[in-house]
Amino acid sequence: MENELKIILFMCNWSPHAAFQTLQDTLAPIPREVRMVRIPCSGRITKSLLFKAFETGADGVALVGCEPGTCRYGSGTAVAERNVGATREIFKLLGLGEERLTFAAFHPDQSGPLLDFLTGFRDRIASLGKSPVQQRTRKKEPPLSPKSAASIMSAHNIYTCQDCGKCSSACPVALSGKSFSPRAIAGAIAAGELDSAPIREDIWSCLTCGLCYDRCPSAVSFPEFIRDMRTVQRASGNPRFEAHEGFFQALMRTMASPDLPVDHWHWLPPSIHTDQSSKTLFFGGCAPYFDIFFRSHLDVRTADILSDGLRLLNFFDIYPAILKNERCCGHDLLWSGDREDFLKLARLNVELISDMGIEELITACPECYRAFSHDYPANGIETGFKVTHLFEVAEKVIGKGAIGFRKLNRRITFQDPCRLSRTEGGSELPRKLLNRLKVRNFTEMRDRGPSSLCCGNCAWIGCDSSSKAMQVNRLRQAKETGSDLLLTACPKCQIHLRCAMEDPFLGDEIRMEMLDLTSVLARTIQWE
Amino acid sequence: MKNRNGTERKKREILITGFGGQGIVLAGQVLGTAASLKDRLHSTLTQSYGPEARGGACSAQVIIADGPIHYPYVDNPDILVCMSQTGYDKYYPFLKENGVLIFDQDLVRAPEKVSGDLFPIPATRIAEELGRKMMANIVMLGFVTAVTGAASLDAMLASVADSVPKGTEESNTAAFTKGFDFGQALLKGRERKAAGRKGAAS
């Protein structure tokens, strides 16, 4: 039973189900590995549902719908094809094998072809074998006890809170109009109100952006406190408010499978030079997954940050190694309360990177940077290699002289990524480079540097109307500067702010072109 | 001219010029010391005193060769290093055909085209950024070392540390390295541009 293949058949209620029923009525030999799930429309099976089938143990998934043009709801078949296409592309990056997921359409009277399809699909999955995704049983932890809450609180200095309220007056969530207050949460938990409904919801509303920590006179590390509270809440099985139906959390958990033959860089243009014997590694990050996931409605191109980052390094005569089976750094797992899988992923990453003999890791992603340089050691995982942000490398080489920038006839402003700007010196680093660019002018937003505002979401958690309010507010600040190009330094800032720009009512008021600073550097840098 | 053992003689005449007070003579001394005491070559230094020491165009003349030097004055330098406009105006006409011209680009207005190589550097600006304008001469020495190789890098570093006032070795070494890095970056950039690769690959 353990080694038997599991094939999930998502079967549309309308045309194909009639064919399937015919097979059942005539006792046709439907492959016994196939488990049918009847659904109202193939268009309603999202990328997340398709993916979660694999995360929870499927070896193959077939989504079966109606022939184009016969969909009862009009667009179901087209949407299903698009979702399957995108998920297959994600499988290609992930090394799970595109062939494990397929879409097919049948008329009600096509029971014969349906049986042929099912047998053929079973044979194909059988030739691929069991899925490399590791399955595990998760035991439910007991809910938060006053004692464990006390240890979390003292670990993050919650008891030193002076109740001054500086956190709540700076908190972007509170300012967006949500009834949320870091001070009130800390107070309520300290008073023993551990498991009330508002607390359970509030700990998932926090952005963990760190602005409160920046303002706190007692150095209460509220974001890390929230993170640990989430870990406990999640382990005891309470709701988790994951955005995008938990797709990204499922993706990251899947990546913790050691046997997964990830193929992270297959799309890299051949003009970029890498050297697998190098002692320096370029760690790209998950942007290629984001681009596929959000393609249908956002048209973000964050994978350009990876290729432009490598181009920039090539320009500096640095030809780094790349990790062919690069996985997620695990930042978002940790911050969405899944410490267990974060640790698995972190250990796996360190092992893979150390096996290559790497001495220095360079990344352009602020979250990867924070995870490797801070979160890994803080969780007891020693990396043994130096972690450098791409901007540090760029500033150092450009500072030597003889390198300049081509003129860029734009007015720019800059959105700080939280994980970079609130570390020491982290907000000055991109500014040194921004001031080197030859643009028409560079104007700062009202809230900037260590005080800058979050793009509205972190760790793929809790997207709601107040996230939107924050994003709109941020984009209005950007527009206020009179700039026509918004630079960012994190793929997620781009995704979230671009999402807000889709608003049909605000339209041009907040619409603005966005680019990553890495891309602008790589595209305008030149020898003087 | 040949050396006594029959090999082709290598001799370079270097003239460093600038205002009095810029440390022109010290620069010449550091360069000559590096070549003779560290690189085991022969070198001479002559310097012009007089009214220049009060702020006019002063100069240091260094000759570096792999054999004995019989005449210590530089009439037509192979390498001319200019740190002031008056110095440039005075000595540029004597620069050899195809000689190398090195200058502080913020202090000297030099021609766009010359017969030999042209190497500009904002030495004084770099020294200011490092915190002390006084170190412009050391920045310039780093640059000269990178683009001409008149003395070796190790010899120059040792010579700089020996020659500057006690307690300023570290900042002066940093200034020297900055100038050296700038020179290397400049050479690399020229090489890239000549190969038609001006920006990052697209």
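# Exercises on a predicted two-chain model

**Exercise 1. Which residues of helix 3 of chain A are buried, and how are they arranged about the axis?**

Solution. Start with the cut-off: a residue is buried if 20 or more other C-beta atoms lie within 10 Å of its own. In helix 3 of chain A the buried residues are A:G76, A:T77, A:V79, A:A80, A:N83, A:V84, A:T87, A:I90 and A:L94. Viewed down the axis of helix 3, these buried residues fall within an arc of 155 degrees, so they line one face of the helix.

Next, find the packing partners. The buried residues of helix 3 pack against helix 2 (47–55), helix 12 (247–255) and helix 13 (287–293) of chain A, and also against strand 3 (60–65) and strand 4 (101–105) of that chain. Last, look just past the end of helix 3 of chain A: there A:G95 has a positive phi of about 80 degrees.

**Exercise 2. Treat helix 22 of chain A likewise: what are its span, its buried residues and its cover?**

Solution. Helix 22 of chain A runs over residues 465–480, 16 residues in total, and from first to last C-alpha it reaches 22 Å, close to the expected 22 Å. Its buried residues are A:S466, A:S467, A:M470, A:Q471, A:R474, A:L475 and A:A478. Among the elements of chain A that cover them are helix 7 (172–175), strand 10 (407–414), strand 12 (485–488) and helix 23 (491–501). Just after helix 22 of chain A, A:G482 takes a positive phi of about 75 degrees.

**Exercise 3. How does the radius of gyration of chain A stand against the value for a compact globule?**

Solution. For 528 residues the globule rule gives a radius of gyration near 24 Å; chain A has 25 Å, which agrees. Along the principal axes, the C-alpha atoms of chain A fill a box of roughly 75 × 60 × 50 Å. Of its 528 residues, 47% count as buried. Among contacts in chain A with a separation of 6 or more, 81% join residues 24 or more positions apart. The secondary structure of chain A comprises 24 helices and 14 strands.

**Exercise 4. Describe the side of chain A that touches chain B.**

Solution. The contact takes 15 residues from chain A and eleven residues from chain B. On the chain A side, the elements that give two or more residues are helix 15 (303–315) and strand 14 (525–527). Helix 15 gives the most, with four residues. By type, the chain A side divides into seven nonpolar, four polar and four charged residues.

**Exercise 5. Where do A:N157 and B:R40 lie, and is each buried, partly exposed or exposed?**

Solution. A:N157 is not a glycine, yet its phi is positive, about 60 degrees. It sits in the loop between helix 5 (146–155) and helix 6 (166–170) of chain A. With 18 C-beta neighbours inside 10 Å, A:N157 counts as partly exposed.

B:R40, also a residue other than glycine, has a positive phi near 60 degrees. B:R40 belongs to the loop between helix 1 (24–38) and strand 2 (42–47) of chain B. With 9 other C-beta atoms within 10 Å, B:R40 is exposed.

Conventions
Residues numbered from 1 in each chain as written. Chains lettered and ligands numbered in written order. Predicted model: local features only at pLDDT ≥ 70, side-chain atom pairs only at ≥ 80, totals over all residues. Rg over C-alpha atoms; globule rule 2.2 N^0.38 Å. Buried ≥ 20, exposed ≤ 12 C-beta atoms within 10 Å, placed from the backbone. Contact = placed C-beta atoms within 7 Å. Arc of directions from axis to C-beta. Nonpolar A, V, L, I, M, F, W, Y, C, P; charged D, E, K, R; others polar. Expected span 1.5 Å × (residues − 1).
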